Amino acid sequence: MTEQLYTSLDEKLDETGYCQTGFLEIDTHQTEDRLHLLGECNETASELDKIEFPNVN
């Protein structure tokens, strides 16, 4: 299940261009049937990123 989470995450990051230089994993935990991953992009958001991803702080 963990391997599938990382595979799906890598695919989504490639597709969206989000976290272009990777990310720092802060926490990963499981609840019932779900895995949760909390992370932070390695790079700071550019002005274009802030426009393209407006709901991300």
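The accessible surface of this protein comes to about 4,900 Å², and carbon and sulfur atoms account for 49% of that area. The model is predicted. Its C-alpha trace spans about 40 × 20 × 15 Å along the principal axes. Of the 57 residues, 11% are buried.

**Fold**

The protein contains 2 helices and 2 strands. Along the sequence they follow the pattern α-β-β-α. Contacts between residues at least 6 apart in sequence include 29% that join residues at least 24 apart.

**The hairpin**

Strand 1 and strand 2 pair in the antiparallel sense, over 8 bridges. They form a hairpin with 2 residues between them. F23 stands opposite C41 of strand 2. In a regular strand, side chains alternate between the two faces of the sheet.

E32 sits in the loop between strand 1 (23–31) and strand 2 (34–41). Within the turn, E32 has a positive phi of about 45°. Is E32 buried or exposed? E32 is exposed, because its relative accessible area of 77% is over the 50% cut-off.

Q30 belongs to strand 1. Beyond its neighbours within four places in sequence, Q30 is in contact with M1 and L35.

Two pairs involving these residues set sequence separation beside C-alpha to C-alpha distance.

| Pair | Separation in sequence | C-alpha to C-alpha distance |
|---|---|---|
| E32 and M1 | 31 residues | 12 Å |
| Q30 and E43 | 13 residues | 27 Å |

**The disulfide**

A disulfide is a covalent bond between the sulfur atoms of two cysteines. The count here comes to 1 disulfide. Which residues does the disulfide join? C19 is joined to C41, with an S to S distance of 1.9 Å. The pair links distant parts of the chain, 22 residues apart. C19 lies in the loop between helix 1 (2–16) and strand 1, while C41 lies in strand 2.

The torsion about the S-S bond of C19 and C41 is about -75°, so the disulfide is left-handed. Are its two cysteines buried or exposed? C19 is buried, with a relative accessible area of 11%. C41 is buried as well, at 18%. Both count as buried because the cut-off is under 20% relative accessible area.

Terms used:
Residues numbered from 1 in each chain as written. Predicted model: local features only at pLDDT ≥ 70, side-chain atom pairs only at ≥ 80, totals over all residues. Heavy atoms only, no water. Helix = DSSP H or I, 4+ residues; strand = E, 2+ residues; numbered from the N terminus. Buried < 20%, exposed > 50% of the residue type's maximum accessible area, 1.4 Å probe, protein only. Contact = heavy atoms within 4.5 Å. Areas by Shrake-Rupley, 256 points an atom, 1.4 Å probe, with all protein chains shown as cover. Pairing = 2+ DSSP bridges. Disulfide = S-S within 2.5 Å.
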